[in-house]
Amino acid sequence: MPGPGEPLWLPEDRWWALALLEVEARACRDCGHPSTDTTDPAGEYAYDAEVVRCHACAAGHRRVTALQEQGASTAGLQVHIYRKGAAS
């Protein structure tokens with residue numbers, strides 16, 4: 001940590017933070033790849049995909065589905081997922 005009167009962010013730190021924001025702003029919101037690449041017509045078949053299952057998200061989905069099947073409202077619902085046996 002910086003001492004009293006020393007800046008928390010140095011000019012180089014600010015530069016890197018701004019550069020990251022620019023990269024993130026130009027990325028596809030779904031896949032995270034650069035939009036300049038993913039929207040180029042020449043890249044139409046340049047990508048492949050793998051389907052994986054997030055077991056934590058699957059547990060949340062099962063819990064919400066069970067509530068819906070019981071007739072409970074899920075409006076405004078937030079799902080907090082935790083590993084079994086871990087403190088929640």
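I take helices (H or I, at least four residues) and strands (E, at least two) as DSSP runs, numbered from the N terminus. The model is predicted, so local features need pLDDT of at least 70 and side-chain atom pairs count only at pLDDT 80 or more, while totals for chains, interfaces and linings use all residues. Residues are numbered from 1 along each chain as its sequence is written, and side-chain values use heavy atoms, with hydrogens and water left out.

**Fold.** I read the pattern α-α-α along the protein chain. I then looked up its radius of gyration, over C-alpha atoms: the value is 22 Å, well over the 12 Å that the globule rule gives for 88 residues, so the chain is more spread out than a compact globule. That rule is 2.2 Å times the number of residues to the power 0.38. Along the principal axes, the C-alpha atoms fill a box of roughly 55 × 50 × 25 Å.

**Burial.** I call a residue buried under 20% relative accessible area, exposed over 50%, and partly exposed in between (1.4 Å probe, protein chains only). Buried residues make up 6% of the 88.

**Gly-5.** I found Gly-5 in the segment before α1 (11-25). Gly-5 is exposed, at 84% relative accessible area. Its C-alpha lies 45 Å from that of Leu-77, 72 residues away in sequence.

**Cysteines.** I counted zero disulfides, a disulfide being a pair of cysteine sulfur atoms within 2.5 Å. Cys-28 is partly exposed at 25%, and Cys-31 is partly exposed at 45%.
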